[in-house]
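This report describes a single protein model. The sequence and coordinates come first.

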Amino acid sequence: MTYLSKETKKELLLGAATKITGCYHELAAELISVARKTESSLLKIRQGAQRRAGASSDVSDHNVSDPDKICMQLFLDIQQQIFQHTVPCGNVLLLQIGKA
């Protein structure tokens, strides 16, 4: 026995996916923001320690930063979800993570 029409099921699924995508975006944006602030603070601490020690003040190394790694992992996770489940809002979320 079917209680919901296909159209109603589709609307419910889209509504749920949209809500979940919004929550995921908020959490991902907060994670990236905290990671960037932490990285910035650690860089300032390292620069201060190097100045006190009289070492070169160039502490920038050319490795990929932790926030960049987090962004890449989020990007890959979203792509995988789109591939596996055809997430309706996934493409919008990919664009938002790419801008973060």
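The sections below cover the basis of the model, its fold, its surface and selected residues.

## Basis of the model

The model is predicted: local features need pLDDT of at least 70, side-chain atom pairs count only at pLDDT 80 or more, and totals for chains, interfaces and linings use all residues. Residues are numbered from 1 along each chain as its sequence is written, and side-chain values use heavy atoms, with hydrogens and water left out.

## Secondary structure and contacts

The protein has three helices and zero strands, where helices (H or I, at least four residues) and strands (E, at least two) are DSSP runs numbered from the N terminus. Along the sequence the pattern reads α-α-α.

Of the contacts in the protein with a separation of 6 or more, 58% join residues 24 or more positions apart; a contact means heavy atoms within 4.5 Å.

## Helix α1

Helix α1 has 48 residues and reaches 69 Å from its first C-alpha to its last, close to the 70 Å expected at 1.5 Å a residue. The expected span is 1.5 Å times one less than the number of residues. Just after α1, Gly54 takes a positive phi of about 80°.

Ala17, Thr21, Ala28, Ile32, Ala35 and Gly48 are buried in α1. Buried means under 20% relative accessible area, exposed over 50%, and partly exposed in between (1.4 Å probe, protein chains only). Of the 100 residues of the protein, 18% count as buried.

## Surface

The protein exposes about 7900 Å², and carbon and sulfur atoms supply 60% of that area. Accessible areas come from the Shrake-Rupley method with a 1.4 Å probe; for residues, only the protein chains shown count as cover.

Tyr3, Leu4 and Leu12 form a nonpolar surface patch with about 370 Å² of accessible area together. Patches are made of residues with over 30% relative accessible area and no salt bridge; like charges are joined within 9 Å, and nonpolar side chains (Val, Leu, Ile, Met, Phe, Trp, Tyr) within 5 Å. Leu4 lies in the segment before α1 (6-53) and counts as partly exposed because its relative accessibility is 37%.

## Helix α2 and the cysteines

The model has one salt bridge, defined as a side-chain nitrogen of Lys or Arg within 4 Å of a carboxyl oxygen of Asp or Glu. The side chains of Asp66 and Lys69 form this bridge at 3.9 Å, N to O. Both residues lie in helix α2, three residues apart, about one turn of the helix. Lys69 has a relative accessible area of 48%, so Lys69 is partly exposed.

Cys71 is also found in α2 (residues 66-85). Cys71 counts as buried because its relative accessibility is 12%. The C-alpha atoms of Cys71 and Ile32 are separated by 7.1 Å, with the two residues 39 apart along the chain. Cys23 is partly exposed, at 39% relative accessibility. The count of disulfides (cysteine sulfur pairs within 2.5 Å) is zero.
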